[in-house]
Amino acid sequence: MSKAILAAEGIEKTYLSREGEVRALRDISLQVLAQEFVSLVGPSGCGKTTLLRILGGLLEADRGAVLIDGQILTQPRREIGFIFQNPTLMPWRTVLKNVTLPLEVRGINGDANKKRAMELLGLVGLLGFENSYPHELSGGMQQRVAIARALVYEPSILLMDEPFGSLDAITRNQMNLELLRIWRATGKTILMVTHTIQEAIFLADRVLVMSARPGHIRAAVPIALPRPRDTDIFYNEEFASLYHRVRDMISPG
Ligand SMILES: Nc1ncnc2c1ncn2[C@@H]1O[C@H](COP(=O)(O)OP(=O)(O)OP(=O)(O)O)[C@@H](O)[C@H]1O
Ligand SMILES: [Mg+2]
């Protein structure tokens, strides 16, 4: 089996705000293996976004360490792609120009950018929309642009924070299938936050369940459902029993 490409050891985080201290994370340790798909679920406000931002090097922990391929992370790295809940596209740039933006920001210009962006737009099923503007796209399409943009740097790890949270259930299911296809095609390692238990199980090799704040990893539930998966799996008995197991851990009693 492959080794841990992403690991956290003893992460602690307390926010200082005007109202006082908010202890967000308590002694978080986790490991994600290369090419693994891990979902992270937990009650609202338990610290999921905080944890993801720390893992991505976007926020500093008070204690503990994040390791990428065994090396301590101290700042954002190109091995890590981040996808936020809102696609955060630049409204005045075309789809193509949004995807090439991270390269331009780093001073990489030229025809190769366009070629790379077109390949990625093909991967996320958006060929033909490269000259459109974000407002001309549906929410699901905008999120696909954000995925293409996150992939433009060829990160090995994708951290996704409720990427499909604002989509309706049908579009979300379609995006889940798309994401599994992209994951298979690219061999990325994915850690995805979601508050939808069904989505968490459907996608993942393992579901990490967090406790209420201060967030702590309560359990790691292996998902042994066969792949490739499609949405018929929702009616499978094993799926139902996993669903109940995870749900009871999030809201015990
Ligand atoms: N910048 C900040 N300053 C102070 N407190 C913060 C800050 N960011 C988050 N918090 C607090 O830390 C806790 C965890 O927040 P976080 O956004 O990580 O939770 P979450 O699990 O992602 O929630 P949700 O499910 O609603 O997205 C919350 O109580 C929140 O109010
Ligand atoms: Mg959040």
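These are my notebook entries on a predicted model, taken element by element.

**Conventions.** Local features need pLDDT of at least 70 and side-chain atom pairs count only at pLDDT 80 or more, while totals for chains, interfaces and linings use all residues. Residues are numbered from 1 along each chain as its sequence is written, and chains are lettered from A and ligands numbered from 1 in the order in which they are written.

**Helix 1.** I next checked burial, where buried means 20 or more other C-beta atoms, placed from the backbone, within 10 Å of the residue's own. Six of the eight residues of helix 1 are buried, so the helix is largely enclosed by the rest of the structure. The buried ones are K48, T50, L51, L52, I54 and L55. Just after the helix, G57 takes a positive phi of about 75°.

I traced an open sheet of four strands in the order 2-1-4-5, with antiparallel pairing; two strands pair if DSSP finds at least two bridges between them. Strand 2 and strand 5 (71-72) are the edge strands, each pairing on one side only. Helix 1 packs on this sheet and touches strand 1, strand 2 and strand 4 (63-68), its direction making about 125° with that of strand 1. Contact means C-beta atoms, placed from the backbone, within 7 Å. Angles run from 0 to 180 degrees between N-to-C directions, with axes fitted to C-alpha atoms, for helices over the stretch in contact. Strands 1 and 2 pair over ten antiparallel bridges, and a hairpin of two residues joins strand 1 to strand 2. L16 has E21 of strand 2 as its bridge partner.

I then followed a second open sheet, whose six strands run in the order 6-7-8-3-9-10 with mixed pairing. Strand 6 (80-83) and strand 10 (217-222) are at the edges with a single partner strand each, so one side of each is left without a neighbour in the sheet. The twist averages 15° from one strand to the next. Strand 6 pairs with strand 7 (residues 157-161) in the parallel sense over four bridges, and I80 stands opposite I157 in strand 7. Helix 7 (residues 237-250) packs on this sheet, touching strand 3 (37-41), strand 9 (206-210) and strand 10, and its direction makes about 175° with that of strand 10.

Note on methods: A residue is buried if 20 or more other C-beta atoms lie within 10 Å of its own, exposed if 12 or fewer, and partly exposed in between; C-beta atoms are placed from the backbone. Two residues are in contact if their C-beta atoms, placed from the backbone, lie within 7 Å.
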